[in-house]
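Work through the exercises below with the sequence and the model open. Each task is followed by a solution in steps.

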Amino acid sequence: MQQTFLLTILTFLPVAGTLALLLLRDDDHLWIRRLALVTAAAEFALSLLLLRGFDIRGTGYQWEESHAWISQPPIHYHLGVDGLSVFLVLLTTLLTPISILASWKSIDQRVKGFFISLLVLETGVVGVFVSLDLFLFFLFWEVMLIPMYFLIGIWGHERRIYAALKFILYTMFGSILMLVAILWLYRVTAQAGYPTFDVAQIQSLLSNGTITLPLRTEMLLFGAFFLAFAIKVPLFPLHTWLPDAHTEAPTAGSVMLAGVLLKMGIYGMLRFCLPLFPEASRRFAPAIAVLAIIGIVYGALVAMVQVDLKRLVAYSSVSHLGFVVLGIFAFHAISIQGAVFQMLSHGISTGALFLGVGMLYDRRHTHLIKEFGGLATPMPVIAALYLFTCLALAGLPMLNGFVGEFLILAGTFQKHAAWASWAALGVIFSAVYLLWSYQRVFFGGVTQDKNNALPDLDMRERGILFLMAAIILWMGIRSEERRVGKE
């Protein structure tokens with residue numbers, strides 16, 4: 001195995017940026033913003049190097065790094081990426097500089113602490129996606145919680161303390177279960193004479209029969225891992241922390257939360273639950289599918305009646321990520337491919353929608369739908385870009401939301417027609433709540449006199465949303481080309 005250090009640099013470059021930020025004066029806001037942006041932009045540029053020479057058809061991990069860290073118990077600093085994690089790393093490094101740009105003017109209090117929190121959050125998330133040692137994975141999983149807690153609790157809105165505590169308590173509960181499962185799994189390998197936390201080695205020991213888990217043990221281990229990841233997704237009925245966290249978080253916090261933090265739960269299911277506990281995964285699949293379908297329909301129906309625009313987008317995530325979980329546990333190659341693509345496209349589309357909501361909030365300091373109305377007249381540019389994003393999230397063909405949902409439903413239908421039929425209701429309902437909310441916010445006459453004087457997007461904001469729109473269109477067209485080519 002050829003040793004490289006690219007993944008280490010990608011993981012800890014944001015921390016190096018935070019150390020440089022600490023050298024600046026607290027009131028030097030311009031250079032704090034500039035240094036944070038340069039750090040995040042350099043991180044994204046370096047992450048593009050992962051694609052250089054990456055064998056997308058290859059199996060196993062690439063860009064691996066492995067070093068002995070702790071001798072007893074044997075913990076290794078083992079990093080690597082495959083076709084699943086490499087694009088999640090790219091998504092993380094893309095959304096971080098966008099979040100910094102989106103916060104350029106809106107964050108004017110404790111500026112240094114805000115951008116330090118964002119960069120530390122990036123380190124935690126990237127570390128989760130590249131860790132191939134269970135202890136190291138858990139370490140980065142916990143590191144990620146701290147900056148997100150501060151982003152919500154310090155720079156959030158009126159009920160920020162409540163939302164931050166709810167977020168940390170839910171996630172810590174899942175973390176405790178996962179830690180117990182990790183230690184239990186280590187004990188199993190140690191009793192078999194192969195003590196290890198290494199993910200690939202554990203998977204190999206289980207697959208070749210060297211270690212055999214009793215069914216009851218496998219189901220308990222699966223349950224502990226799955227609950228931790230289901231809370232993070234979040235899967236119904238473990239979703240109640242998400243609307244509060246999104247509603248109270250600053251725009252950058254919502255973008256990172258929807259764009260990448262929720263994907264950590266999906267990633268954990270694909271990385272750990274399915275390969276390590278295949279029999280338990282199949283036994284629990286019907287129950288998980290039912291919860292996913294309830295989440296799809298429930299999230300859409302609740303989004304429909306929201307009076308808060310940001311809360312509406314939050315419930316849309318509950319619905320759309322229900323599709324992803326359904327695609328995974330339908331156990332069909334097509335539906336799992338669709339789930340992976342939908343996971344990535346949701347990060348872009350919902351991130352763009354939260355950016356648009358944040359730009360409206362910066363002008364009116366409210367998320368209430370009744371406070372808007374007729375904004376297409378004074379703000380035609382954001383009206384057009386917001387509509388484009390809504391259509392993508394609703395699954396319009398040629399945009400990124402279509403192919404993922406189509407593959408999930410097509411693959412699920414081949415295994416379980418009833419599951420796909422019920423889940424398809426979510427596609428209809430998503431179009432209803434997205435387009436209806438758009439109509440109330442942007443169409444008709446201006447309902448509030450103060451809205452007549454609202455400025456449209458400036459060049460910074462236009463650049464952010466046009467970039468997101470270009471990615472949405474590119475993902476939609478390229479995926480359509482590949483799908484048609486295969487057919």
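**Exercises on helices and buried side chains**

The model is a predicted one.

**Exercise 1.** Find the residue just after H16 that takes a positive phi, and describe the span and the packing of helix H16.

Solution. 
- Step 1: Just after H16, the residue with a positive phi is Gly444, at about 80°.
- Step 2: H16 covers residues 417–442, which makes 26 residues. From first C-alpha to last, the helix reaches 38 Å, close to the 38 Å expected at 1.5 Å a residue.
- Step 3: The buried residues of H16 include Trp419, Phe429, Tyr433, Tyr438 and Phe442.
- Step 4: The buried residues of H16 pack against helices H11 (278–304), H12 (309–329), H13 (333–364), H14 (380–393) and H15 (400–415).

**Exercise 2.** Decide whether Ser335 is buried or exposed, and find the backbone oxygen that lies 2.8 Å from a polar atom of its side chain.

Solution. 
- Step 1: Ser335 lies in helix H13.
- Step 2: The relative accessible area of Ser335 is 0%. Buried means under 20%, so Ser335 is buried.
- Step 3: The backbone oxygen belongs to Gly327.
- Step 4: Leaving aside neighbours within four places in sequence, Ser335 is in contact with Gly327, Ala330, Leu407, Ile408, Gly411 and Thr412.

**Exercise 3.** Classify the crossing of H5 and H8 by angle and by hand, and list the residues that make the contact.

Solution. 
- Step 1: Two packed helices are described by the angle between their axes and the distance between the axes.
- Step 2: The axes of H5 (residues 134–155) and H8 (residues 215–232) come within 14 Å and cross at roughly 30°.
- Step 3: Angles under 35 degrees count as roughly parallel, so H5 and H8 are roughly parallel to each other.
- Step 4: The crossing of H5 and H8 is left-handed.
- Step 5: H5 contributes Leu134, Phe137, Trp141, Met144 and Leu145 to the contact, and H8 contributes Phe225, Ala228, Phe229 and Lys232.

Conventions. Residues numbered from 1 in each chain as written. Predicted model: local features only at pLDDT ≥ 70, side-chain atom pairs only at ≥ 80, totals over all residues. Heavy atoms only, no water. Helix = DSSP H or I, 4+ residues; strand = E, 2+ residues; numbered from the N terminus. Expected span 1.5 Å × (residues − 1). Buried < 20%, exposed > 50% of the residue type's maximum accessible area, 1.4 Å probe, protein only. Contact = heavy atoms within 4.5 Å. Polar contact = N/O pair within 3.5 Å; in protein donor to acceptor, adjacent residues only side chain to side chain. Axes fitted to C-alpha atoms, helices over the stretch in contact; angles between N-to-C directions. Parallel < 35°, antiparallel > 145°, perpendicular 65-115°, else oblique. Left-handed = near helix turned anticlockwise from the far one by under 90°.
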